[in-house]
Amino acid sequence: MRITDDRYCRDRMRLDLALRLIGHEARTHTIRLWTGLTEDRVRKLYRTYITEHPGSPVTRRRGKSPQRCSYFLRSPRVQQEAAVLAGFFCMAGILAHGWRLDPRALPIAQGELLCTAYETYLALVAEPRISFEHAAFLVIALARGDELALRPCTGCGALTLVDCCTLRAVACNVCAATPRLPQPLPSAVRLRRARDLPAAARGAPAPAQLAPIPPRAELPS
Ligand SMILES: [Zn+2]
């Protein structure tokens, strides 16, 4: 009886997650990946969803799921939104340091957290540009860690999405767009440089070379 209950709960969670993914216009392949349902079951669920939500315009997308990490770095706007989305993944607990997400056995609970993180992104970002399909791919790509990585900006510490192979200092879009002002030199360097300069260049007056003043009686009349 207990085993049957557990199985029922698991199936119920699987179906609920599948319907949630359909609502985000996820592709069949993605739904199968995150729920473990068969293609036939997903197709039937699409029909159920459309029957139960007659007013919601859900498109059933076909074709391959995204596979290129370069999509997230192609423009500053998308790169910034991807970093925000990845921040929500971290807060939801989908991405954690040293923890690998196996795309062949994705837990249902992780799929629910993915939906929650993506729904938060939709609610907080004005005119969001990243589709659910790309969001699901971003999780896998970041968990794989061989092309994309999250690093702190060297200027302000903001979480920034970067190419793993980059050798440049990490800069978020805001810091990258801000012109760099000359930084004041440390006091020790300033002191050393001042010692090396001649006195005139330092601004100090040179000692005056005074000639002896003749006595008043000897002055020419
Ligand atoms: Zn920054």
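Because the model is predicted, local features were considered at a pLDDT of at least 70 and side-chain atom pairs at pLDDT 80 or more, whereas totals for chains, interfaces and linings use all residues. Residues are numbered from 1 along each chain as its sequence is written.

The protein contains nine helices and two strands, where helices (H or I, at least four residues) and strands (E, at least two) are DSSP runs numbered from the N terminus. The order of these elements from the N terminus on is α-α-α-α-α-α-β-β-α-α-α. Of the 221 residues in the protein, 20% are buried; a residue is termed buried if 20 or more other C-beta atoms lie within 10 Å of its own, exposed if 12 or fewer do, and partly exposed in between, with C-beta atoms placed from the backbone.

In soluble globular proteins, nonpolar side chains tend to be buried together. A nonpolar core is defined here as a set of buried Ala, Val, Leu, Ile, Met, Phe, Trp, Tyr and Cys residues joined through C-beta atoms within 7 Å. The largest such core has 35 residues, of which Leu85, Ala86, Leu138 and Val139 touch the most other members. At least two residues of this core are supplied by each of α1 (2-23), α2 (28-35), α4 (76-92), α5 (108-124) and α6 (132-144), and the largest share, eight residues, comes from α6. Domain 1 (2-52) and domain 2 (69-177) each contribute at least three residues to this core, the domain bounds being taken from an automatic or database domain assignment. When neighbours within four places in sequence are left aside, Leu85 is in contact with Tyr121, Ile130, Ala135 and Leu138.

The packing of α4 against α6 was examined next. Their axes come within 11 Å and cross at roughly 70°, where axes are lines fitted to C-alpha atoms, for helices over the stretch in contact, and angles run from 0 to 180 degrees between N-to-C directions. The two helices, α4 and α6, are therefore roughly perpendicular to each other, a term that covers angles of 65 to 115 degrees. This contact is made by Ala82, Leu85, Ala86 and Phe89 of α4 together with Ala135, Leu138, Val139 and Leu142 of α6. Also in helix α4 is Gly87, which is partly exposed, with 18 other C-beta atoms within 10 Å; Gly87 and Ala117 are 30 residues apart in sequence, and their C-alpha atoms are 8.9 Å apart in space.

Helix α5 includes Ile108, which is partly exposed, with 16 other C-beta atoms within 10 Å. Although Ile108 and Leu17 are 91 residues apart in sequence, they are 7.5 Å apart in space, C-alpha to C-alpha. Not counting residues up to four places away in sequence, Ile108 touches Met13, Arg14, Leu17 and Thr35. Thr35 is itself one of the buried residues of α2, which also include Thr30, Ile31, Leu33 and Trp34, and just after α2 the residue Gly36 takes a positive phi of about 80°.

Strand β1 (residues 148-152) and strand β2 (residues 159-163) pair in the antiparallel sense over five bridges, pairing being assigned if DSSP finds at least two bridges between two strands. Within this arrangement, Arg151 has Thr160 of β2 as its bridge partner, and Pro152 stands opposite Leu159 in β2. The hairpin of β1 and β2 has six residues between the strands, and Gly157 takes a positive phi near 85° in this hairpin.

Most residues other than glycine have a negative phi, and most peptide bonds are trans.

How values were computed:
Contact = placed C-beta atoms within 7 Å. Parallel < 35°, antiparallel > 145°, perpendicular 65-115°, else oblique.
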